[in-house]
Amino acid sequence: MAATATAGAAVRSAAAPPPRQYKLAPQSELRVEVLPDAPLRVRLVAGTTEIFGTELPPEGLVPVPPRSKIAIFTWHGATVELDGVSESEYTSDETPMVIYVNAHAILDARRAGARVAAVQGGDLEASQGPRVIVVGPTDSGKSTLCKMLLSWAAKLGWKPTYVDLDIGQGSITIPGCISATPIEKPIDIVDGIPLEMPLVYFYGHPNPSINADAYKVLMKELAKTLEKQFSGNAESRAAGMVINTMGWVEGLGYELLLNAIDTFKANVVLVLGQEKLWKMLKDAKPNIDVVKLHKSEGVVLRNSKYRQRTRSFRIKEYFYGIANDLAPHSNIVNFSDVSVYRIGGGHQAPRSALPIGAEPVADPTRLVAVNISTDMVHTVLAVSYAKEPDEIISSNVAGFIHVTDVDIQRKKLTYIAPCPGDLPSRLLIASSLTWYEA
Ligand SMILES: Nc1ncnc2c1ncn2[C@@H]1O[C@H](COP(=O)(O)OP(=O)(O)O)[C@@H](O)[C@H]1O
Ligand SMILES: [Mg+2]
């Protein structure tokens, strides 16, 4: 492995280094970490390369989004040029890409089989393409593998559905959500996952243990909606799903993985980087394919503080755009114009009020009306598509607002939203997700 690294801190204060070229051997990659505030651009000089499954265009400088950690991989050899400062950059010829692309080839054959079955009038089972769920501990490269599988499939003309169950580091929308969206072309290097029509269900916390039952119910609702969409669309049914998951694989985390496999009727489980998890899932799910894949050494480890910061950035990006190029709209509503609900909880009945031996349980999916208070300032509220409060848990959300001020005296709530005008609904869902403008 050849390695040249630049220490970010040392370079940051110095002037930007001149553009430099890397000649990459076949099946090797250039790994780059981008700083939060210094632009970095990449240009293909010769050959062909891809970033997580999406080909780099043959001409022009491509801006790499701030804070991203990427690998510029080549199958047949290439020369690339980097322009700007980076946190680190080095090349490696040890990658699991051949194994990953082989997995893709097997999935592709299944999609083709499903399409043939659909044309021949086969049953729903035969015409169902692969439903792949990618599991593994944190920082094993799950989100990255999902991107590659989706982009490779889209490049061949499939429109697979991307399902993201990771409420901590989700890649479709803000944290605290589970969501799905069709991927119709390779994922854009700059813009990321397309956001035209995501189907989003709001859980409201970055951690599933806060209300695991609600998390399960929301998965069920999302799966139900997708099932309905698939039944009327043979093409997306054959393309199947790629399901991304959280890195929590022990205890309740493991139980939720099993639940996700069942709920979405996954028929292929790809396990990254953990032998034990692979063995457990293989034993637990003998009737589906549970496949162990190597983790890439290029995957960058991120500590919990970094994750927390990423969550904050995701919320900011929702309102201000990835490149800080959007301007959110500020608006004021009267308390009486909106109703805010929280999913689950409510006050538990005191033990003394229960029959002897009974345990107090708060209904995890009950909708509890919450009073608007100054505690809500800096938090995110979801705007539900529900028509009635009791439909909130089974409804997806239109989008999010960020509370910037609560005036108790005048009974007014000030918020920012990505678009101007009235809210599409008066039913809002409270959350524990916060973002501080400073
Ligand atoms: N081969 C690679 N080279 C450089 N960075 C990588 C590589 N593979 C993944 N990464 C980066 O490592 C980080 C963690 O990977 P990710 O796929 O998000 O892990 P997980 O979803 O399992 O937590 C991401 O920022 C990703 O872009
Ligand atoms: Mg991930």
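**From an exposed serine to the ligand site**

S231 counts as exposed because its C-beta atom has 10 C-beta neighbours inside 10 Å. On this scale a residue is exposed if 12 or fewer other C-beta atoms, placed from the backbone, lie within 10 Å of its own, buried if there are 20 or more, and partly exposed in between. This is a predicted model, in which local features need pLDDT of at least 70 and side-chain atom pairs count only at pLDDT 80 or more, while totals for chains, interfaces and linings use all residues. Residues are numbered from 1 along each chain as its sequence is written, and chains are lettered from A and ligands numbered from 1 in the order in which they are written.

S231 is found in helix α4; helices (H or I, at least four residues) and strands (E, at least two) are DSSP runs, numbered from the N terminus. The C-alpha atom of S231 is 7.9 Å from that of L124, although 107 residues separate the two along the chain.

The largest nonpolar core has 111 residues, and of these V132 and I243 touch the most other members. Such a core is a set of buried Ala, Val, Leu, Ile, Met, Phe, Trp, Tyr and Cys residues joined through C-beta atoms within 7 Å. Helix α4, residues 212–231, gives the most to this core, with 9 residues. V132 itself, leaving out residues up to four places away in sequence, touches L107, L149, G240, M241, V242, I243, A266, V268 and L270. Contact here requires C-beta atoms, placed from the backbone, within 7 Å of each other.

The protein chain is divided into domain 1 (8–94), domain 2 (97–293) and domain 3 (327–349 + 360–429), with bounds that come from an automatic or database domain assignment. Between domain 1 and domain 2 the C-alpha centres lie 29 Å apart. Their contact takes 10 residues from domain 1 and 11 residues from domain 2. On the side of domain 1 that touches domain 2, the elements giving two or more residues are β5 (54–55) and β6 (61–64). That side has 6 nonpolar residues, 3 polar and 1 charged, where Ala, Val, Leu, Ile, Met, Phe, Trp, Tyr, Cys and Pro count as nonpolar, Asp, Glu, Lys and Arg as charged, and the others, Gly among them, as polar.

Where does ligand 1 sit relative to these two domains? Domain 1 and domain 2 both give residues to the shell around ligand 1, so the ligand lies between them. Of the 17 residues around the ligand, A71, K142, S143, T144 and G298 come nearest; a residue belongs to this shell if its C-beta atom, placed from the backbone, lies within 6 Å of the molecule. Strand β7 (69–74) and helix α3 are the elements that give two or more residues to the shell around ligand 1. By class, the shell holds 4 nonpolar, 9 polar and 4 charged residues.

The UniProt annotation "binding site", from an unreviewed entry, covers E29, K69, D139, S140, G141, K142, S143 and T144. UniProt positions are given in the numbering used here, feature names are shortened, and annotations may be inferred rather than shown by experiment. One annotated residue, G141, lies in the loop between β10 (131–135) and α3 (142–155). G141 is buried because 24 other C-beta atoms lie within 10 Å. Beyond its neighbours within four places in sequence, G141 is in contact with L272, K295, S296 and V299.

T144 lies in helix α3 and is buried, with 24 other C-beta atoms within 10 Å. Not counting residues up to four places away in sequence, T144 touches F52 and V299. F52 lies in the loop between β4 (50–51) and β5, and is buried because it has 23 C-beta neighbours inside 10 Å. Its backbone has a positive phi of about 45 degrees, although F52 is not a glycine.

H378 is another residue other than glycine with a positive phi, near 80 degrees. H378 lies in the loop between β19 (367–370) and β20 (380–384) and is partly exposed, with 15 other C-beta atoms within 10 Å.

A further UniProt annotation from the unreviewed entry, "domain: Clp1 N-terminal", covers residues 23–112. The end C-alpha atoms of this span lie 36 Å apart, and the span is 18% helix and 47% strand. V80 is found in strand β8, residues 78–84, and is buried, with 23 other C-beta atoms within 10 Å. Leaving aside residues up to four places away in sequence, V80 touches Q21, Y22, L24, L30, V42, R43, L44, V45, T49 and I72. The C-alpha atoms of V80 and F264, 184 residues apart along the chain, are separated by 40 Å.

Conventions. Two residues are in contact if their C-beta atoms, placed from the backbone, lie within 7 Å.
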